[in-house]
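Keep the model open beside you and try each task before reading on.

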Amino acid sequence: MADFVKGLFGGSKPAPAPASDAEDDFADYVSAPSPAPIYSSSSSSSAPTPASFPDRQTTPTAVPFTKWYRVWERTSPSDFKNEAFIIPFILLLTALHVWGRRKNKRKANLWARTHIPILEKEFASVGHGKTAKERLGRASTSDEVAGAGDRDFSAEGLLKEKTAQEYTTYATGRQNVAFADVTVKLFKRYNPMTLAIEMIISFFFESMRAPKENMEITMYAFDGKEKDLVPVKSKAELDAKESRFKGLPNSGYDACVWAVVHKEQMKRLRDERYDVSLTATKDHKSLPTWASVMSESAEVTETLLTKELVECVEKAGEDAFEYLIVTDQPIDKPSKLDEATPKKRLLLSLRLPTSLEPSAYASTLPLFEYFLRLPDILVSTAHFRPEVTRRIRSTREEEIKKLKKADEGEKAEERRLDAEKKKKEMRDSRLKGLSAEEQRKFLEKEREKGQKKQEKRMSRKA
């Protein structure tokens with residue numbers, strides 16, 4: 001009791017018990033001084049040295065204490081080994097990406113410099129931006145066409161960059177042509193790894209198309225439907241349109257599928273395009289050995305394969321020409337009647353040269369110009385004998401009959417399902433109004449009827 005009272009009022013405390021043997025192992029840590037910062041050699045001379053702490057064991061991996069901005073004093077080049085590999089790789093990819101985009105843009109501008117002036121001669125409005133009236137007669141003379149390199153086609157809206165590898169333009173305002181879409185596809189130079197993988201895969205697998213640079217233009221014919229396709233905003237414009245179209249000749253021509261194709265492209269076109277699959281392939285004596293005709297009738301070939309076209313194809317050459325197609329059928333096989341509606345179109349596909357000189361397009365420009373005039377030739381000459389048109393029409397009618405039959409089968413199946421659904425709803429509503437005993441009897445009758453039907457089916461099969 002006395003000891004307890006002394007403890008409360010600050011009396012003498014008992015001496016601590018001696019440390020056990022287990023605590024002897026931690027004696028050095030108990031007696032170790034509190035850590036203090038290590039100053040660098042650049043600090044003042046009064047800074048303490050490691051010798052001032054004889055009890056502290058210093059290690060060579062200790063990080064010196066420096067100001068926050070003195071990075072070089074607490075790091076070494078060996079700390080940046082990973083960055084030494086990653087940063088140059090990122091810079092290389094960035095440089096290749098920038099170079100590839102610029103190279104593709106130069107190629108697209110070169111194509112525009114040689115082809116858009118020709119489009120401006122043939123169409124009233126070219127491009128997605130300003131109208132032809134605002135660009136008043138930019139390519140009216142050959143001197144302006146030759147000096148088209150000073151123009152910024154992207155700024156004028158004449159050439160639109162859809163992606164880094166695809167450029168497009170648009171043209172409208174021409175007799176016999178509703179509008180034209182042009183697409184220029186280039187290599188993925190901005191992504192060389194993807195480009196290399198695609199080339200390697202296409203080398204081993206035929207189903208994978210090899211990357212290529214080409215230009216494809218598609219023209220949509222009016223086919224006598226100018227009044228339906230040209231938009232109007234008021235009654236006055238409608239009257240003016242009718243009076244303007246009244247004196248124009250009929251822009252219609254007989255429907256057909258006809259093509260001049262490079263022989264390397266024939267198999268791919270037959271597999272990918274439904275319209276071309278309707279034709280028969282035949283070599284023609286006027287064409288070079290590397291080209292062939294795909295046509296629904298020999299009379300169509302004799303009418304459309306003119307001497308000027310043959311000369312243009314020969315001048316374009318085997319390396320540049322891919323195909324020229326006149327069609328009224330869809331690309332994909334129609335699965336519904338609405339998809340089988342004829343839409344007359346003209347397509348031209350040409351490979352782009354590797355050179356960045358305007359003279360590289362000298363061989364393909366005549367074919368490009370002839371293609372732009374081809375709708376006029378079709379309107380004036382593509383009117384075949386009744387026997388030929390009847391044969392061509394019969395092919396389309398057979399496909400339409402198949403679609404009608406398939407459509408009727410689908411409708412009959414829908415009607416059957418609807419009838420079964422209504423019958424089931426009537427049965428369920430009838431069962432709800434019956435008692436438990438009546439429901440049991442009703443279900444037994446249904447089961448007996450089902451068994452009888454099954455027995456009849458088995459006997460018929462036997």
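Helices here are DSSP runs of H or I with at least four residues, numbered from the N terminus. Please bear in mind that this is a predicted model.

**Exercise 1.** Find which residue forms a salt bridge with Arg 416, and where the two lie.

Solution. Start from the side chain of Arg 416 and look for a carboxyl oxygen within 4 Å of its nitrogen atoms, the cut-off for a salt bridge. Glu 420 meets that test, with the closest N and O atoms 2.6 Å apart.

**Exercise 2.** Work out which helices are linked by the salt bridge between Arg 427 and Glu 446.

Solution. First confirm the pair: the closest N and O atoms of Arg 427 and Glu 446 are 2.8 Å apart. The bridge links distant parts of the chain, with Arg 427 in helix α13 and Glu 446 in helix α14 (residues 436–461), 19 residues apart. Then look at accessibility: Arg 427 counts as partly exposed at 28%, and Glu 446 does so at 31%.

**Exercise 3.** Explain why the salt bridge between Glu 272 and Arg 209 ties together separate parts of the chain.

Solution. Begin with the distance, which is 3.8 Å from N to O. Now locate the partners: Glu 272 belongs to helix α9 (residues 266–272), while Arg 209 is in the loop between α6 (192–204) and β5 (214–221), so the bridge joins parts that are 63 residues apart in sequence. To finish, Glu 272 is partly exposed at 37% relative accessible area, and Arg 209 is partly exposed at 41%.

**Exercise 4.** Decide whether Glu 399 is buried or exposed, and list what it contacts beyond its neighbours within four places in sequence.

Solution. Locate Glu 399 in helix α13, which spans residues 386–432. Its relative accessible area is 18%. Buried means under 20%, so Glu 399 is buried. With those sequence neighbours left aside, Glu 399 is in contact with Tyr 274 and Lys 333.

**Exercise 5.** State how many salt bridges the structure holds.

Solution. The total is 30.

Terms used: Residues are numbered from 1 along each chain as its sequence is written. This is a predicted model: local features need pLDDT of at least 70, side-chain atom pairs count only at pLDDT 80 or more; totals for chains, interfaces and linings use all residues. Side-chain values use heavy atoms; hydrogens and water are left out. Buried means under 20% relative accessible area, exposed over 50%, partly exposed in between (1.4 Å probe, protein chains only). Contact means heavy atoms within 4.5 Å.
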